[in-house]
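Work through the exercises below with the sequence and model open. Try each task before reading its solution.

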Amino acid sequence: RAYNFNAGPAALPLEVLEQAQQEFVDFRGIGMSIMEISHRSAQYEQVHQETQNLLKELFNIPQGYKVLFLTGGASTQFAMVPMNFLQPGSVGAYSLSGAWADKAIKEAKLFGETVIAASSKEQKYMRMPDLSNLSLPENTAYLHVTSNETIEGSQLQSYPDTGNIPLIADMSSDILSRQVDVSKFGMIYAGAQKNLGPSGVTVVIVREDMLEKANQSVPTMLRYDTHVKNDSLYNTPPSYSIYMINLVLQWIKRQGGLDVLSKINRDKTSLIYDTIDNSAGFYKGCVDVDSRSIMNITFRLQTEELEKQFAKESEQQGFVGLKGHRSVGGLRASTYNAVPYESCKALADFMNDFSKRNG
Ligand code: PLP
């Protein structure tokens, strides 16, 4: 298998792919694939509920929250959040931390008033904004944060306490990479295609009391209460992707849960960050040390030419996806949950070798 450092869709655990392969044409003895059966069937409903329950268990989701499996990607959540929760006379507060936060704000502006509660734009997003002393307007409907900026490679190290103001987080690129206190949040959402499973499904974890204040004049499919009332089975859900999430969650459980995974993630990224920091300036980490992400490691070399050479040679050695996002350039290694420690070790070794040969 390739050393897969893709930013998304991203690596899945080999065990999960093999299990899916085994069950592909005959799911648990029913003589059909899970993608061939009704979403109203007992067999599918069991998988659906099991997936919700596994997520609740592993992510320590308290009572009073619903787990939904929606479509349209995290990008549709950028619009659904303000559609549902932004009323006339209220404002949506945003932490402007990078390219994805910027997209979320642009969508909210289509519906109502927004305010930038904190920003790291002046630092070219090379760190997370300081959320420790926020002063939010009284009429703030919610504070939206991007937990991990996938493109720049920054990650919130802690979440702010927002009191009565609901905290909403886009955790697309770091959900389940570490334990968080879910009770702090009004809502969490994440496209599946990094840490949860294949693309095509977006997980939403919403506190039920959020729905009491939600707008009613929103199209049916775009209202959270539609999906909450119907246990995320209002229409045909992306059943195959949900089944794959189920397998990924079982895999996480077998690994020992999020505390174990987050330690492995830290060990994995330390290998690469240490290589950067010990390279006497050959490699330069893009993001301030106290905002570094354990999911997306961004770094540069002295010249773009050298970066191109690095990308090319790494591909020849079996590494995939190390080129930085086209909007920022440089290099990026995405080290999501399913990327094995051995892949990160191989990358660190390659980086050391490359710097010796070109330093
Ligand atoms: N938010 C973050 C942090 C992302 O990394 C991405 C995609 O990479 C998105 C949102 C958009 O997700 P989707 O492609 O599922 O709409």
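**Exercise 1: The annotated span**

Task: Find the domain annotation and describe its span in this predicted model.

Solution. Start with the record. An unreviewed UniProt entry lists "domain: Aminotransferase class V" for residues 3-339. Next, take the ends of that span. The end C-alpha atoms of residues 3-339 lie 8 Å apart. Last, read the secondary structure. The span is 31% helix and 18% strand.

**Exercise 2: A helix pair**

Task: Describe how α3 and α4 pack, then list the residues that meet.

Solution. Two numbers are needed. A packed helix pair is described by the angle between the axes and the distance between them. Helix α3 covers residues 73-85 and helix α4 covers residues 99-109. Their angle is about 40°, and their axes are 8 Å apart. Now classify. Angles under 35 degrees count as roughly parallel, and roughly perpendicular begins at 65. α3 and α4 are therefore oblique to each other. The crossing of the two helices is right-handed.

Turn to the contacts. From α3 come Phe 78, Ala 79 and Pro 82. From α4 come Lys 103, Ala 104, Glu 107 and Ala 108. Sorted by class, this contact has five nonpolar, no polar and two charged residues.

**Exercise 3: The ligand shell**

Task: Which element gives the most to the shell around the ligand, and which classes does the shell hold?

Solution. List the surroundings. They are Gly 8, Gly 73, Ala 74, Ser 75, Trp 100, Thr 146, Thr 150, Asp 170, Ser 172, Ser 173 and Gly 191. Then assign elements. α3 gives the most, with three residues. Finally, sort by class. The shell has two nonpolar, eight polar and one charged residues.

How values were computed: Residues numbered from 1 in each chain as written. Predicted model: local features only at pLDDT ≥ 70, side-chain atom pairs only at ≥ 80, totals over all residues. UniProt positions renumbered as here; feature names shortened; annotations may be inferred. Helix = DSSP H or I, 4+ residues; strand = E, 2+ residues; numbered from the N terminus. Axes fitted to C-alpha atoms, helices over the stretch in contact; angles between N-to-C directions. Parallel < 35°, antiparallel > 145°, perpendicular 65-115°, else oblique. Left-handed = near helix turned anticlockwise from the far one by under 90°. Contact = placed C-beta atoms within 7 Å. Nonpolar A, V, L, I, M, F, W, Y, C, P; charged D, E, K, R; others polar. Near = placed C-beta within 6 Å.
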